[in-house]
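Open the model in your viewer and keep the selection tool at hand. The stops below tell you what to select next and what is there.

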Amino acid sequence: MEYIPNILGKVSLSGKSVSDLILFLVAAFTAIASLVMFFHWRRYGMGGATLALMEIVYVVVAVMLIVVAFLSLN
């Protein structure tokens with residue numbers, strides 16, 4: 001059990017690198033969840049213009065939120 005504090009003591013993490021890692025994890029989770037939702041919407045959804053509009057709105061809002069989060073960290 002002494003190895004873990006020794007290893008963690010040698011790792012130097014800045015606040016910026018931790019925030020970038022968290023942002024990357026959130027973006028990756030959002031991308032995976034989006035792929036699952038798009039599959040679900042296309043497979044079981046109503047289809048047509050409503051589905052296309054819903055997908056466009058979802059992508060635009062998700063990208064805007066990720067970009068705002070990225071810009072606020074930098």
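## Stop 1: the salt bridge

Select Glu-55 and Arg-42: their side chains meet in a salt bridge, 2.8 Å from N to O. A salt bridge here is a side-chain nitrogen of Lys or Arg within 4 Å of a carboxyl oxygen of Asp or Glu. The pair ties distant parts of the chain together, with Glu-55 in helix α3 and Arg-42 in helix α2 (residues 15-44), 13 residues apart. The structure holds one salt bridge.

This is a predicted model: local features need pLDDT of at least 70, side-chain atom pairs count only at pLDDT 80 or more, and totals for chains, interfaces and linings use all residues. Residues are numbered from 1 along each chain as its sequence is written, and side-chain values use heavy atoms, with hydrogens and water left out.

Now colour the pair by accessibility. Arg-42 is exposed, at 58%. Buried means under 20% relative accessible area, exposed means over 50%, and partly exposed lies in between (1.4 Å probe, protein chains only).

Stay on Glu-55 and show its surroundings. Leaving out residues up to four places away in sequence, Glu-55 touches Phe-38, Trp-41 and Arg-42. Contact means heavy atoms within 4.5 Å.

## Stop 2: the whole chain

Zoom out and switch to cartoon. The protein chain has three helices and zero strands. From the N terminus on, the order is α-α-α. Helices (H or I, at least four residues) and strands (E, at least two) are DSSP runs, numbered from the N terminus.

The chain exposes about 6300 Å², and carbon and sulfur atoms supply 77% of that. Accessible areas come from the Shrake-Rupley method with a 1.4 Å probe; for residues, only the protein chains shown count as cover. Of the 74 residues, 9% count as buried.

## Stop 3: the annotated spans

For residues 21-39, the end C-alpha atoms lie 27 Å apart, and the span is 100% helix and 0% strand. For residues 51-73, the end C-alpha atoms lie 33 Å apart, again with 100% helix and 0% strand.

## Stop 4: along helix α3

Pick Ala-52, in helix α3. Ala-52 is partly exposed, with a relative accessible area of 36%. Its C-alpha is 9.6 Å from that of Arg-42, which is 10 residues away along the chain.

Next, select Val-59, Val-63, Val-67, Phe-70 and Leu-71. Together they make a nonpolar surface patch of about 420 Å². Patches are made of residues with over 30% relative accessible area and no salt bridge; like charges are joined within 9 Å, and nonpolar side chains (Val, Leu, Ile, Met, Phe, Trp, Tyr) within 5 Å. Centre on Val-67, found in helix α3 (residues 48-73). Val-67 is partly exposed, at 40%.

## Stop 5: after helix α3

Finish at Asn-74, in the segment after α3. Asn-74 is partly exposed, with a relative accessible area of 49%. What does Asn-74 contact beyond its neighbours within four places in sequence? Show Lys-16 and Asp-20: Asn-74 is in contact with both.
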